[in-house]
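Biologist: I would like to learn how to read cores, interfaces and salt bridges in a model. Could you take me through them one at a time?

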Amino acid sequence: MNVTALLFASYADALGRSTVALTLSPGATVLDAIEQIRELPGGALLPAEPLVAVNLNFAGVNEPLASGDELAIIPPVAGG
Amino acid sequence: MRASIVSRPLDVGALLAEVRHAGVGAIVTFIGTVRNVNAGRAVTGIEYAAYVPMAEQELRRIVEEAASRFGTIDIVVEHRVGALELGEASVAIVVAHPHRGPAYEASRYIIEELKRRVPIWKRESYVDGTREWVDPTAPAAVGQPW
């Protein structure tokens, strides 16, 4: 199944890109997706269990993903 | 009620006009501005970035929470993204309520929750020409190399 991962701020800088197209096995979780991203060049700078959102809502790392999901990897927020 | 991420300068006068209502007895306005120093380093400007659709959704949720907890009449929040100069407003929160007490409390609730859970990031530029994404969770307030 295909999942699009979005990277922001320091994480986008670390990998030199703001989106990653992932191909995952059925039943894969957020953690499986993060593992794949961390194997990319610069990906090791991401924490093993970062803050994430699935389809615009905060999600746990053990949440299962579905094809077409938008997975956002969220660096520490600093608004205001 | 409205919560928006915008890429233009904030117009606080327009926001105040938006919440005027006969039942309003107090309007509390909070404005966050770009400061010239952070964690002991001289700052020359800040670039704000956001995951816009989620930031707007999360801000709307916070505004709805504040409205229901504090019984506000109206709330408008705008957060700016893009490159901001020193002194410019990055966020404006306008709360209208019949009374001042809950208006202040609602305003405080919104800014604290915004800082805690809205996906917005800032990259500070320093006088020495370097710039860094701010990580409020880092042991030293600033200092992560990415």
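Modeller: What follows goes from the cores to the contact between the chains and then to the salt bridges.

Modeller: This is a predicted model, in which local features need pLDDT of at least 70 and side-chain atom pairs count only at pLDDT 80 or more, while totals for chains, interfaces and linings use all residues. Residues are numbered from 1 along each chain as its sequence is written, chains are lettered from A and ligands numbered from 1 in the order in which they are written, and side-chain values use heavy atoms, with hydrogens and water left out.

Biologist: Which residues have the most contacts inside the largest nonpolar core?

Modeller: In soluble globular proteins, nonpolar side chains tend to be buried together. A nonpolar core here is a set of buried Ala, Val, Leu, Ile, Met, Phe, Trp, Tyr and Cys residues joined through side-chain atoms within 4.5 Å, where buried means under 20% relative accessible area, exposed over 50%, and partly exposed in between, with a 1.4 Å probe and protein chains only. The largest such core has 32 residues, and Ile75(B), Val77(B) and Ile110(B) have the most contacts inside it. Helix α2(B) gives the most to this core, with seven residues; helices (H or I, at least four residues) and strands (E, at least two) are DSSP runs numbered from the N terminus. Beyond its neighbours within four places in sequence, Val77(B) is in contact (heavy atoms within 4.5 Å) with residues including Leu59(B), Val63(B), Ile93(B) and Ile110(B). A second, separate core of 23 residues includes Leu15(A), Ile37(A), Leu71(A) and Ile73(A).

Biologist: Where does Val3(A) lie, and is Val3(A) buried or exposed?

Modeller: Val3(A) lies in strand β1 of chain A, residues 2-7, and counts as buried at 2% relative accessibility. Among the residues that Val3(A) touches, leaving out those up to four places away in sequence, are Val20(A), Leu22(A), Leu65(A) and Leu71(A).

Biologist: How many residues does the contact take from chain B and from chain A?

Modeller: The size of an interface is often given as the accessible area lost when the parts come together. In this model the contact takes 28 residues from chain B and 19 residues from chain A, and the area buried between the two chains (accessible area lost, 1.4 Å probe, summed over both) is about 2000 Å², with carbon and sulfur atoms giving 65%.

Biologist: What salt bridge count is there between chain B and chain A?

Modeller: Side chains of opposite charge can pair when their charged atoms come close. A salt bridge is a side-chain nitrogen of Lys or Arg within 4 Å of a carboxyl oxygen of Asp or Glu, and the count between chain B and chain A is one. Asp13(A) and Arg123(B) meet in a salt bridge at 3.3 Å, N to O.

Biologist: Which salt bridge does Glu47(B) form with the closest N and O atoms 3.0 Å apart?

Modeller: Glu47(B) forms that salt bridge with Arg123(B); Glu47(B) lies in strand β4 and Arg123(B) in strand β8 of chain B, so the pair ties together parts that are 76 residues apart in sequence. Glu47(B) counts as partly exposed at 25% relative accessibility, whereas Arg123(B) is buried at 13%. Glu47(B) also meets Arg131(B) in a salt bridge, at 3.8 Å.
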